[in-house]
Amino acid sequence: MLIKKIIGILSALAFVLAAGLTTAEAAEIQWFGQSALKITTPGGKVIVIDPFITKNPKTPKDLKDLKKLGKVDLVMITHGHGDHIGDSVAIAKMNGAKIVLNADMGRTFATNGWTSMKQLVRINKSGPVKPIGDGITITMVRAEHSSEVVYKDSGGKMSMEPGGEPAGYIIKLEDGYTIYHAGDTGVFGDMKFIAEFYKPDVAFLPIGGWFTMDPAHAAYAVKTLLKTKTVVPFHYGTFGLLKGTPEQFKAALGNFKTNVVVMTPGETRTFK
């Protein structure tokens, strides 16, 4: 009888310990300025989105060494502009990581020999994929913007090739926490669909204006369409035309109840 009790206690203890070992940690997100994010998931996977780092005027100098990113499992690109492609190819090559991007831009990357087709995860909107395991789901969603890939060819001449359509991403992590990276976008009515269908816990939204939403448009999107409980403004102040500020964004939100998280370039925050 005593032996059975001991076995029962040991079994219960083992269960508790196992549960503790598998309890998910919160997601950590680092912002480098513009739209560049590094997401460390509860399961320890590392995803970088629009990694405009080495040439980003807002990225702290000590973070411009790409080796400081550590091991990267996945790179994601919202559209073809240089301040979003950024260091994507270099990071992918350093880590053997795959690159998620729209199908047309992927063809441009492969045709120019920047990376092999095998290293690309070429997708389009509304088709969920799990490129780094079953625990994390990536879905491409609409963005209201433009996209082309401009680069110097072998002769030093500026060339332009198709960048496909711009996009945002929904990233659902191992613990169910859901991130909406809007990419570069204006307001569009399907943000209501994004809110209702994907139910993001946090939205990273551009507020700089000129090429994207300004603070007033971003606030309208939050108040009437997304209604996300946490919002992080980004894509502002990097260049002279991006004049929108977090203070203007907060003012435009008025009394609408949402948690506005203002980050500084290089900062890492926990989201849960």
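User: Why is Ile 207 called buried?

Analyst: In this predicted model, Ile 207 has a relative accessible area of 0%. Buried means under 20%, so Ile 207 counts as buried. Ile 207 sits in the loop between strand 12 (202-206) and helix 6. Ser 146 is 61 residues apart from Ile 207 in sequence, and the two are 17 Å apart in space, C-alpha to C-alpha.

User: What makes Lys 227 count as exposed?

Analyst: The relative accessibility of Lys 227 is 55%. Exposed means over 50%, so Lys 227 counts as exposed. Lys 227 is placed in the loop between helix 6 and strand 13 (230-234). Its phi is near 55 degrees, a positive value in a residue other than glycine.

User: Is Thr 228 buried or exposed, and how do you know?

Analyst: Thr 228 has a relative accessible area of 2%. With the limit for buried at under 20%, Thr 228 is therefore buried. Thr 228 also lies in the loop between helix 6 and strand 13.

User: Which residues does Thr 228 touch, not counting residues up to four places away in sequence?

Analyst: Thr 228 touches Pro 200, Asp 201, Val 202, Ala 203 and Thr 258.

User: Why does Asp 50 count as buried?

Analyst: Its relative accessibility is 0%, and buried means under 20%, so Asp 50 counts as buried. Asp 50 belongs to the loop between strand 3 (46-49) and strand 4 (74-76). Phi of Asp 50 is near 45 degrees, which is a positive value in a residue other than glycine.

User: Which residues make the contact between helix 6 and helix 7?

Analyst: Helix 6 contributes Pro 215, Ala 216, Ala 218, Ala 219, Val 222 and Lys 223. From helix 7 come Gln 248, Phe 249, Ala 252 and Leu 253. By class, the residues of this contact are 8 nonpolar, 1 polar and 1 charged.

User: Which residues of helix 5 and helix 6 meet?

Analyst: Met 191, Lys 192, Ile 194 and Ala 195 of helix 5 meet Ala 221, Leu 225 and Leu 226 of helix 6. This contact has 6 nonpolar, no polar and 1 charged residues.

User: How do you know that the radius of gyration agrees with that of a compact globule?

Analyst: For 272 residues, a compact globule would have a radius of gyration near 19 Å. The protein has 20 Å, which agrees. Along the principal axes, the C-alpha atoms fill a box of roughly 85 × 50 × 35 Å.

User: How many helices and strands does the protein have?

Analyst: Its secondary structure comes to 7 helices and 15 strands. Of the 272 residues, 50% count as buried.

Note on methods. Residues numbered from 1 in each chain as written. Predicted model: local features only at pLDDT ≥ 70, side-chain atom pairs only at ≥ 80, totals over all residues. Heavy atoms only, no water. Contact = heavy atoms within 4.5 Å. Helix = DSSP H or I, 4+ residues; strand = E, 2+ residues; numbered from the N terminus. Nonpolar A, V, L, I, M, F, W, Y, C, P; charged D, E, K, R; others polar. Rg over C-alpha atoms; globule rule 2.2 N^0.38 Å. Buried < 20%, exposed > 50% of the residue type's maximum accessible area, 1.4 Å probe, protein only.
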